[in-house]
Amino acid sequence: MSHHSQGSPHHDADRDRVVVAILTISSSRTLAEDTAGDAIAAVVTDHGHAVAERTLVEDGVEPVRSQVAAWAARADVDCIVSTGGTGVTQDDQTVEAVEPLLDKALPGFGELFRQLSYEEIGTRVVGTRAIAGIVDGAPVFCLPGSVDAVTLGMTEVVLPSIGHLTALASAHE
């Protein structure tokens, strides 16, 4: 008898429904023009998960860090996904804002995201610093600002892992 037929205790607690907070980081867009945030929300809800809250902050370490920290501390937010600010311009501060908050980094997220993105955009992928990690028991995924990037990241990387990661990250709280 294979171990799969009995189910692995490692996967028993996987969450079927994850509540996601969506943060858009932009100094030029409003929520009304937030096509990347719209794309994240659509993927989340299309797959049976829920959006807890959605907001937009300006590029910058302080606004991004304080919003991520506030959401991560909330019991009604399981996971945080941000879009924007992961490039290499002076305005791109998302990585600098989020990295110090990480209790554990998840380097495999950025590695896999860049590998999949390479198939679409080639060596331009070197300019993306997408990262993920655990903050206060909540997985946080920082994606680039384009609709194509967030759609790829959400469908191919975030959603397949979100139930498992969320359950593991919050297991010992």
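Cys-79 counts as buried, with a relative accessibility of 0%, where buried means under 20% relative accessible area, exposed over 50% and partly exposed in between (1.4 Å probe, protein chains only). The structure is a predicted model, in which local features need pLDDT of at least 70 and side-chain atom pairs count only at pLDDT 80 or more, whereas totals for chains, interfaces and linings use all residues. Residues are numbered from 1 along each chain as its sequence is written, and side-chain values use heavy atoms, with hydrogens and water left out.

A disulfide is a covalent bond between the sulfur atoms of two cysteines. When a disulfide is taken as a pair of cysteine sulfur atoms within 2.5 Å, the count comes to zero. Cys-79 is in no disulfide, as the nearest cysteine sulfur, that of Cys-142, is 10 Å away, a distance too far for a bond. Cys-142 also counts as buried, at 1% relative accessibility.

Side chains of opposite charge can pair when their charged atoms come close. With a salt bridge defined as a side-chain nitrogen of Lys or Arg within 4 Å of a carboxyl oxygen of Asp or Glu, the structure holds six salt bridges. One of them joins Asp-38 and Arg-54, at 2.7 Å from N to O; Asp-38 belongs to helix α2 (residues 35–46) and Arg-54 to strand β2 (residues 50–57), so that the pair links distant parts of the chain, 16 residues apart, helices (H or I, at least four residues) and strands (E, at least two) being DSSP runs numbered from the N terminus. Asp-38 is partly exposed at 36% relative accessibility, as is Arg-54 at 25%, and Asp-34, Asp-38 and Arg-54 are linked in a network of salt bridges. A further salt bridge is formed by the side chains of Glu-53 and Arg-74 (2.7 Å, N to O). Because Glu-53 lies in strand β2 and Arg-74 in the loop between α3 (61–72) and β3 (79–83), this pair ties together parts that are 21 residues apart in sequence.

The largest pocket has a volume of about 330 Å³. Here a pocket is an open set of points on a 1 Å grid over the protein atoms alone, where a 1.4 Å probe fits, with protein on both sides within 12 Å along at least five of seven lines, and lining residues have an atom within 4 Å of a point. The lining comprises 19 residues, of which Ile-121, Thr-128, Pro-144, Ser-146 and Ala-149 lie nearest the centre of the pocket. Helix α5 gives the most to this lining, with four residues.

Key: Grid points are joined across faces, edges and corners, and a volume is the space filled by probe spheres set on the points.
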